[in-house]
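Let's walk through this structure together, step by step. Have the sequence and the 3D view ready as you read.

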Amino acid sequence: MTNERTGMIRYKLRRKITYALYNHKRRGHKINITIDEAEKLYNSSTVCPICGVEFSDKKRSTTKSFDRKHNKGMLSNRNVWVICYKCNATKQDRTMKEFVNYCRGVVNKFGADHDVSG
Ligand SMILES: [Zn+2]
C-alpha cells in the first residue's frame, strides 16, 4: 500500500471517530476517550468479542463498529468496545445483560428442539 493510500484510510477512520464522538456529545453523553485512544482500540480489534466473526470490510455485517458496554455510562476507554456491525444492529441500545436475555428468549423459542431450517 502506498503512503498516500494508508494516509487516506487513516484520515477516513479519524473522521469517522470524530463524527461518532461528536454525535455522542450532541446527545448529551460524557466523553472521556480521545480520538487517538479510539483509533488504537479500533485498529487493535480483529475479532468481534460477541459473535467471534473476523472483522472485514468486504461485507457490511462484518465491519467494525463502536459500542458502549453500558449505555448509561460515559464514552471512555473502559466502556467502549469494537463489535461487528451485525451484533451492534441486533444489540442496539440493550445492555449486555438485556442482550443475553434477549438471546436466551430466542434460543428458548427457536433452540435445539425447533426446526430453524429455511
Ligand atoms: Zn459480532
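Is glutamine 92 buried or exposed? Glutamine 92 counts as exposed because it has 11 C-beta neighbours inside 10 Å. Here a residue is buried if 20 or more other C-beta atoms lie within 10 Å of its own, exposed if 12 or fewer, and partly exposed in between, with C-beta atoms placed from the backbone.

Before going further, keep in mind that this is a predicted model, in which local features need pLDDT of at least 70 and side-chain atom pairs count only at pLDDT 80 or more, while totals for chains, interfaces and linings use all residues. Residues are numbered from 1 along each chain as its sequence is written.

Where does glutamine 92 sit? You will find it in the loop between helix H3 (85-91) and helix H4 (96-110). Helices (H or I, at least four residues) and strands (E, at least two) are DSSP runs, numbered from the N terminus. The phi of glutamine 92 is near 50 degrees, a positive value in a residue other than glycine. Most residues other than glycine have a negative phi.

Now step back to the whole protein chain. It has 4 helices and 4 strands, and from the N terminus on the elements run α-β-α-β-β-β-α-α. Of its 118 residues, 8% count as buried.

Strand E4 (residues 80-84) is worth a visit too. In this strand 4 of the 5 residues are buried, so E4 is largely enclosed by the rest of the structure. E4 pairs with strand E2 (residues 64-68) in the antiparallel sense over 5 bridges; two strands pair if DSSP finds at least two bridges between them. Look for aspartate 67, whose bridge partner in E4 is tryptophan 81.
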